Amino acid sequence: MSQLFPMKQVLGFVFSLLLTTVALAVYFLDMSFAAGMTILLVTAFIQAGLQLVVFMHAGETKDKSAIYTNVFYGLIIALVTVFGTLLAMVWDM
Amino acid sequence: MKIDNSLPLEYSTEENSLKILGFWIFLGAEIMLFATLFATYFTLENRTGSGPTGAEIFQITPVLFETIILLTSSFTVGLGIHAMRIGKQKAMVTFFSITLLLGLAFLGVEIFEFVTYVHEGAGIQTSAFTSALLTTLGTHGAHVTLGFFWGLFIILQIKKRGLTPQTTNKAFIFSLYWHFLDVVWIFIFSFIYLKGMM
Amino acid sequence: MDFFDRFAVPHPSLAIYASMAAIGLTIIAVIAGLTYFKKWGYLWREWLTTVDHKRIGIMYLLSALLMLFRGGVDAIMMRAQLAVPENTLLDAQHYNEIFTTHGIVMILFMAMPFIMFFMNFVVPLQIGARDVAFPRLNALSFWLFFMGAMLFNISFVVGGSPDAGWTSYFPLAGTEFSESVGNNYYMIAIQIAGIGTLMTGINFITTILKMRAPGMTLMKMPMFTWSALIANVIIVFAFPVLAVLLAMGTLDRQFGTNFFTMDNGGMDMLWANIFWVWGHPEVYILILPAFGIYSEVISTFARRNLYGYKSMVGSMVIISLLSFLVWAHHFFTMGQGAFTNSIFSITTMAIAVPTGVKIFNWLLTLRKGKIVFTTPMLYSMLFIPLFTLGGVTGVMLAMSAADYQYHNTMFLVAHFHNVIIPGVVYAMLAGLHYYWPKMFGFMLNEKIGKWTAWLLSIGFILAFMPMYVSGLDGQARRMYTYSEAAGFGLMNMISFVGAAIMAIGFVLIVYNIYYSTRYESRDISNDPWDARTLEWSTHTPVPEYNFAILPDVRSNEALWDAKKNGHVLFKGEYQKIHMPNNSGIPFIMSCIFFVWGFSFVFSLWIPVILTTIGIFVCMALRSFEQDHGRYISVKEIEETETNLRGA
């Protein structure tokens with residue numbers, strides 16, 4: 001039975017629940033917007049990285065550089081799109 | 001067809017590894033799809049017109065349920081792939097079935113949530129904010145729905161054909177998709193709900 | 001009758017009725033012809049169900065040429081309308097429809113399939129592969145594109161064309177100002193074609209990354225393959241943006257949401273913003289493969305290796321990233337602050353640097369080369385000066401302060417035609433002449449080809465240079481007419497003459513195809529241009545499996561190596577070859593998509609639901625189907641090879 005629950009994945013799951021709990025602090029505790037956003041950004045991106053490496057096995061084959069390049073390229077452009085849009089449409093309008 | 005036994009079954013043919021890489025690239029495209037939705041949502045977040053704001057309609061309980069359900073389903077699909085790799089077909093099918101049931105539960109809570117919103121006067125036509133909110137959530141929900149049927153077909157195929165290079169390949173790709181939906185949900189949870197209720 | 005009223009064209013005219021008749025007669029003629037010559041079976045077996053990248057490529061080419069003429073007719077009508085002041089050839093509504101469809105057809109349904117044709121036909125041959133990574137997906141991509149294009153094209157005879165410009169800015173494109181179904185067509189038809197394009201992107205990245213011949217490392221890929229790889233990377237990250245944008249546009253128009261509306265918090269500017277997040281990378285999707293073709297052609301006909309291979313690759317990688325960082329330069333005047341404009345101004349000017357690097361690399365490739373002036377080379381030589389001119393006016397437009405003067409004038413129209421025509425269209429024509437013998441086993445006539453190149457260039461200069469002048473003088477784009485006192489008459493008349501000369505050029509291309517089919521020699525070698533890359537190392541016509549033995553590659557000019565340095569490309573014995581089976585599912589599924597799209601445009605929800613189910617049934621069938629492909633035996637390969645060598 002225990003071989004069906006490898007340590008790495010169980011720990012990964014526990015850690016992801018932990019990250020969720022930390023993120024919930026911004027709801028239950030009273031804090032500034034900047035502090036809250038920092039917590040959310042940190043927990044969300046760690047959580048995403050966790051899924052990518054532990055659960056999605058992104059680095060297990062020789063295609064690993066292509067896979068990571070693809071994901072990071074997507075991430076960079078996604079961030080540019082989101083922040084660029086906010087800059088042009090909201091912050092500097 | 002050449003089979004390379006040094007690799008897990010789902011990578012064992014050339015076609016298999018092509019499909020896995022191709023699906024990763026598709027996920028890259030999905031990142032941009034959701035990024036565009038997020039960009040739209042953040043831009044329209046405070047443009048509520050005469051409708052309610054996020055703080056007025058968001059509730060922590062259903063959101064927390066959805067998050068825990070989806071995180072758990074992501075864990076179980078990971079266990080399913082692990083069971084598949086050590087050749088335990090029965091355990092794998094069980095884990096996949098649990099995953100899909102959790103997926104259904106998630107959809108149930110989400111539908112309940114949508115109905116509540118509409119009752120509170122936050123339909124998709126109410127304001128720019130509700131349009132962006134419900135479209136973003138709906139796109140994620142539609143992905144989960146599609147994933148449910150996809151997963152179901154894969155379970156049926158594994159039951160019928162056993163763990164072959166083809167079926168394991170499909171199952172692995174499905175698991176990538178499911179984990180990715182979990183990642184997207186984490187961002188929805190953090191930057192739509194928690195940010196909105198902060 | 002009420003039901004059928006919705007399909008009527010809102011602004012009918014003689015031209016539209018004539019088009020209806022022409023379309024009807026063409027369809028009847030095609031059906032009758034296929035039946036009379038008993039070609040239905042052939043059409044189904046050899047083309048509609050094919051998964052062969054070469055045939056799919058040729059179908060892309062045919063669609064692109066067809067659309068070139070549709071878009072070209074729109075163009076000549078526009079120029080005719082503007083040729084003299086206060087002209088009444090077209091009314092305002094028709095003019096709006098024509099400039100809208102001209103833009104969409106030329107960019108998405110002419111230029112895109114044209115580059116898809118090159119990628120499909122050339123990339124697998126150039127990397128020494130037997131097909132693309134996902135042959136069936138490739139067929140689906142083509143058929144989705146084709147059905148999207150056809151759906152878009154029937155709009156002007158059923159229900160009315162879109163009329164809010166190719167950018168379809170809200171609020172003009174919203175239901176408040178555009179009631180007819182025209183803009184529904186825009187949202188749905190482009191959506192269907194866009195899904196196809198996205199799948200092509202995924203397919204070709206995987207193909208190029210995983211299916212290269214032994215020994216071909218990334219830095220030994222031919223330049224066209226590099227440009228295709230980079231263009232597909234941009235496709236994968238840009239097209240989802242378009243998909244979301246069009247979905248939101250559809251929701252606004254047909255489901256009453258408030259993304260881009262004028263009340264309830266909607267923000268019309270957001271459409272322009274997201275449109276260009278996709279739209280700017282899109283122009284690089286078009287131009288990069290064009291650069292790739294010029295690189296191949298210039299290096300072949302300068303009889304020299306490409307100068308600065310690494311800097312070419314590097315500049316393309318930089319362009320691919322920068323192309324996502326410049327989009328706001330399309331709306332400098334929309335009201336955002338100077339800070340934002342400055343950022344996008346700088347990134348825009350920065351993108352001119354890697355492009356300039358490429359221009360210098362081509363020039364330095366020519367230096368000390370033994371230049372052979374063939375038709376493809378002539379196009380490339382005309383490209384360099386004309387495109388540079390367009391690039392320089394682009395840098396002018398990039399300066400946000402000065403842009404307030406140029407914005408939305410004919411100056412802008414002159415600029416983007418000045419980069420797209422010499423940049424993309426010339427590359428497509430150069431490539432068409434270059435690869436024609438590999439496709440069909442005979443050359444296109446060189447004399448007619450060169451006449452065409454010169455006519456197009458003279459026509460181009462006459463048509464577009466005056467627009468720079470009238471644009472700076474204040475002629476706004478998209479105005480259907482102007483008064484005599486405005487003084488734009490002369491410039492627009494010159495433009496019209498230029499457009500007419502270009503039209504003659506395009507007709508000459510068709511004549512050239514006809515003439516060459518009848519009179520050109522069939523006795524050509526596998527390598528008629530004395531070229532340098534792998535696609536010329538296999539037989540003409542290319543056998544189904546491309547290469548009987550996969551080539552062994554040592555440099556980025558594998559064939560040149562083989563010819564000059566005695567490198568042996570094909571080593572070893574024949575082995576049986578695994579090939580994918582043909583499938584009817586991509587075609588059938590795309591037909592269902594067409595019906596789905598048409599019903600969606602007219603909000604006919606019952607057929608929409610039925611066809612949606614149909615699409616998912618096709619996907620489920622595919623999931624349960626077991627198709628392991630087939631093998632070509634060694635004996636068959638030997639027979640084919642002997643036949644081809646004998647011929």
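Predicted model: local features only at pLDDT ≥ 70, side-chain atom pairs only at ≥ 80, totals over all residues.
1. Let's start with the make-up of chain A.

2. The overall form of chain A is worth a look. For 93 residues, a compact globule would come out with a radius of gyration near 12 Å, but chain A has 17 Å. Along the principal axes, the C-alpha atoms of chain A fill a box of roughly 60 × 40 × 15 Å. As for burial, 30% of the 93 residues of chain A count as buried.

3. In the model, residues 35–55 of chain A are 100% helix and 0% strand, with the end C-alpha atoms 29 Å apart. Residues 67–91 of chain A are likewise 100% helix and 0% strand, and here the end C-alpha atoms lie 34 Å apart.

4. Next, chain A against chain B. The contact involves 39 residues of chain A and 38 residues of chain B. On the chain A side, the elements giving two or more residues are α1 (7–28), α2 (33–55) and α3 (64–91). Which helix gives the largest share of that side? That would be α3(A), with 15 residues. By class, the chain A side of this contact splits into 25 nonpolar, 13 polar and one charged.

5. Chain A also meets chain C. Here 12 residues of chain A are in contact with 15 residues of chain C. The chain A side of that contact has eight nonpolar, three polar and one charged residues.

6. On to chain C, which has 20 helices and two strands. A compact globule of 647 residues would have a radius of gyration near 26 Å, and the 25 Å of chain C agrees with that. The C-alpha trace of chain C spans about 70 × 60 × 50 Å along its principal axes. Buried residues make up 53% of chain C. If you take the contacts in chain C with a separation of 6 or more, 83% of them are between residues 24 or more positions apart.

7. An unreviewed UniProt entry puts "domain: Cytochrome oxidase subunit I profile" on residues 38–554 of chain C. That span is 68% helix and 0% strand in the model, and its end C-alpha atoms lie 48 Å apart.

8. One helix of chain C to click on is α8 (residues 223–255). It has 33 residues and reaches 46 Å from its first C-alpha to its last, close to the 48 Å expected at 1.5 Å a residue. Where does α8(C) kink? Look at Val236(C), shortly before the proline Pro240(C): the kink there is about 30 degrees. Of the 33 residues of α8(C), 29 are buried, so the helix is largely enclosed by the rest of the structure. Just after α8(C) comes Gly256(C), with a positive phi of about 70 degrees.

9. Is Ala402(C) buried or partly exposed? Ala402(C) is partly exposed because 13 other C-beta atoms lie within 10 Å, while a buried residue would need 20 or more. Its C-alpha atom is separated by 9.9 Å from that of Phe332(C), 70 residues apart along the chain.

Technical notes
Residues numbered from 1 in each chain as written. Chains lettered and ligands numbered in written order. Rg over C-alpha atoms; globule rule 2.2 N^0.38 Å. Buried ≥ 20, exposed ≤ 12 C-beta atoms within 10 Å, placed from the backbone. Contact = placed C-beta atoms within 7 Å. Nonpolar A, V, L, I, M, F, W, Y, C, P; charged D, E, K, R; others polar. Helix = DSSP H or I, 4+ residues; strand = E, 2+ residues; numbered from the N terminus. Expected span 1.5 Å × (residues − 1). Bend = angle between axes of the 7 residues up to and from the residue. UniProt positions renumbered as here; feature names shortened; annotations may be inferred.
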